[in-house]
Amino acid sequence: MIWNLDPAWLLMAVAFVMVLALFFGAALDAIMREDGFGPIGNMVLFTLGFFGAILLVNYAGINLKDLKLAMGAGLAGAFVSIALLAGIKAGIARWG
């Protein structure tokens, strides 16, 4: 699905997700402080998690023609990626 987009639309989608991810990343940085990755690091993790989840769902064979399903998969992937990496970072800080 994502590879069928026109390059201009793909660029706008990435830019839009990155702007929203920066807001989420800044808010999460205020909450997590040293347990997070900083506002830019959180933004990168959100963006990679969002598009990674969409690609993973597409690879699994699920059709994402419905935008609600694509947004749900992307947001779930973004929050799972940040939660997983924050948990790994906390585990390393505790036992490392």
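For contacts I take heavy atoms within 4.5 Å, and I keep in mind throughout that this is a predicted model.

Entry on Leu10. I looked up Leu10, which is found in helix H1, and, leaving aside its neighbours within four places in sequence, I found it in contact with Ile2 and Leu5. I also checked Leu10 against Pro39, 29 residues apart along the chain, and noted that their C-alpha atoms are separated by 23 Å.

Entry on the core. The largest nonpolar core has 16 residues, and those with the most contacts inside it are Phe46, Phe50, Phe51, Leu64 and Ile82. I then asked which elements give two or more residues to this core, and found helix H1 (7–32), helix H2 (38–59) and helix H3 (67–95), with H2 giving the most, seven residues.

Entry on Phe46. Phe46 is buried, at a relative accessible area of 4%, and beyond its neighbours within four places in sequence its contacts include Ala21, Phe24 and Ile82.

Entry on the rings. My search of the whole structure gave four aromatic pairs. One of them joins Phe46 and Phe79, whose ring centres are 5.2 Å apart with planes at 75°, so I recorded the pair as edge-to-face. Because Phe46 lies in helix H2 and Phe79 in helix H3, this pair ties together parts that are 33 residues apart in sequence. Phe79 itself counts as partly exposed, at 40% relative accessibility. I noted too that ring pairs link Phe24, Phe46 and Phe79 into a cluster.

Definitions and conventions: Residues numbered from 1 in each chain as written. Predicted model: local features only at pLDDT ≥ 70, side-chain atom pairs only at ≥ 80, totals over all residues. Heavy atoms only, no water. Core = buried A, V, L, I, M, F, W, Y, C linked by side-chain atoms within 4.5 Å. Buried < 20%, exposed > 50% of the residue type's maximum accessible area, 1.4 Å probe, protein only. Helix = DSSP H or I, 4+ residues; strand = E, 2+ residues; numbered from the N terminus. Phe/Tyr/Trp six-rings, centres within 6.5 Å; stacked < 30°, edge-to-face > 60°.
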